[in-house]
Amino acid sequence: MADANAAVAVVTVSLVLLGLSSGLSLSWALLPVAVVVFIFILASGLKGRDERAHLNVCVLVLGDIGRSPRMQYHALSLSRHGYNVTLIGFLGTKPHQDILEDDRIDILPISELKGLTVGPKIFRYASKVIFQTFQLFYVLMKIEDQGYILMQNPPGLPAIAVTWVASRFRGNQFIIDWHNYGYTIMALTHGQNNFIVKMAKWYEKLFGCFSDHNLCVTNAMREDLRKNWNIKATTLYDKPPPIFRETPLKLQHELFIRMGSTYLPFRPSPDVTKEYMELTAFTERNTQTGAVTHSSGRPALLLSSTSWTEDEDFSILLQALEGTPQCKGPQKEYYKKLIDSKELQHIKICTPWLEAEDYPVLLGSADLGVCLHKSSSGLDLPMKVVDMFGCCLPVCAIHFQCLHELVKHEENGLIFKDSKELSEQLKLLFSDFPSDQGKLGIFRKNLRESGQQRWDENWDQNVLPLIKEHCD
């Protein structure tokens, strides 16, 4: 169906552009669009309602499915309760293996249309929105009947409006899962006073009110939606699934061996050799007994995961590391140039790309996590910290408005405001490393004893009742 989607979109848009270039008025040039829309509306009306539609749920993200863990978790939770899931989005990064192997989950890829490449910038952007509108509406009208369409926002332009219209025609319940506000992310690049940003805010606020139900990621966002948008939402905090846990030493060693074949920082020092021992920078395995232990005098493993977006300033970490005697962690492209320009003693920096299955294993092997995410709205929380806490990994996180809903200062980590403060925290936490008697050990102990709620339990309490109420 993906090929059909792309073909219809390309052909129809091509006809429109051909009409415009031939001198037709806009009304006549858009006739192909009107015709195709009419056909599918008519087809939907004639087809009738599937009696088993309440067992079908569409999970939609107008982005890369593989980079949308929360929506993947939604799909897995729905499948676990017997629902058939159509997961719609871009196929860029490989989704988690559990998604690929689940017989109840059908991935329906859509094309990441770019729009026209000529003309004024606003015209190119508008053409992209139009192309995406047509493709998405076509797909939503073609899929089998659904009880629910569960959509991630952002990105919500044009997905919110298109999904709402399709839901009215198809008789679906429409739910938005608010991860953030799309217009605030756009403002990071274009500024809050930009015309497109203002239009995006108006659009998001207007069409966001048309959903039947809403989820959001923090209590702060729930209150903001209620107060400023007149939207009632249920808070569904991000919680780690069972795959995020402390990694046994044997698995740590196996991962470090694999990573050492590609990345030098994971290899042992060339000066260190031990008979009958297989070595990494952090672990060693006795080849005769198979026993794995931490290497004597091992370095600390500091980890910071990122999607390389404007809401993370990695120069803060680099500046902090310049004043820190020992640590280790990741970065990319622009920051890689900064890394190469710095002479950091006792510090090795690595910027690996991990498979979805290896990421939780590495988190569970690390000694400290650093989060540089600054919410564009001040109302969402970094999922990376949720994952780190699932692995009982203490965190140093940069301060923003609602971070206290997740990171408890001096309990499960530390909160900093600038590179100087982060540098002091790193020195403090690693001052007695690798002893587990200092603050780092205390934070990890607190995380182990906190009895953290996991995704499945959280989802069953907050989302399942809503689905059952309206789909059964």
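Which residue forms a salt bridge with arginine 448? The partner is glutamate 246, with the closest N and O atoms 2.8 Å apart. This pair links distant parts of the chain, 202 residues apart. The model is predicted. The protein has 19 helices and 16 strands, and the structure holds 18 salt bridges.

**Overall build**
- Buried residues make up 51% of the 472 residues.
- Among contacts with a separation of 6 or more, 65% join residues 24 or more positions apart.
- The accessible surface comes to about 22500 Å², and 55% of that belongs to carbon and sulfur atoms.

**Salt bridges**
- Arginine 448 sits in helix 17 (residues 439-449), while glutamate 246 sits in the loop between strand 7 (234-235) and helix 11 (249-260).
- Glutamate 246 is partly exposed, at 31% relative accessible area.
- Aspartate 145 and arginine 170 meet through their side chains in a salt bridge of 2.7 Å, N to O.
- Aspartate 145 lies in the loop between helix 6 and strand 4 (148-153) and arginine 170 in helix 7 (residues 159-170), so the pair ties together parts 25 residues apart in sequence.
- Aspartate 145 counts as buried because its relative accessibility is 5%, under the 20% cut-off.
- Aspartate 367 pairs with arginine 298 in a salt bridge, the closest N and O atoms being 3.2 Å apart. Both residues are buried.
- Arg70, Asp177 and Asp238 are linked in a salt-bridge network.

**Helix 8**
- Helix 8 spans residues 182-190; its buried residues include Tyr183 and Met186.
- The buried residues of helix 8 pack against helix 6 (121-142) and helix 9 (195-208).
- Glycine 191 follows helix 8, with a positive phi near 90°.

Note on methods:
Residues are numbered from 1 along each chain as its sequence is written. This is a predicted model: local features need pLDDT of at least 70, side-chain atom pairs count only at pLDDT 80 or more; totals for chains, interfaces and linings use all residues. Side-chain values use heavy atoms; hydrogens and water are left out. Buried means under 20% relative accessible area, exposed over 50%, partly exposed in between (1.4 Å probe, protein chains only). Helices (H or I, at least four residues) and strands (E, at least two) are DSSP runs, numbered from the N terminus. Contact means heavy atoms within 4.5 Å. Accessible areas come from the Shrake-Rupley method with a 1.4 Å probe; for residues, only the protein chains shown count as cover. A salt bridge is a side-chain nitrogen of Lys or Arg within 4 Å of a carboxyl oxygen of Asp or Glu.
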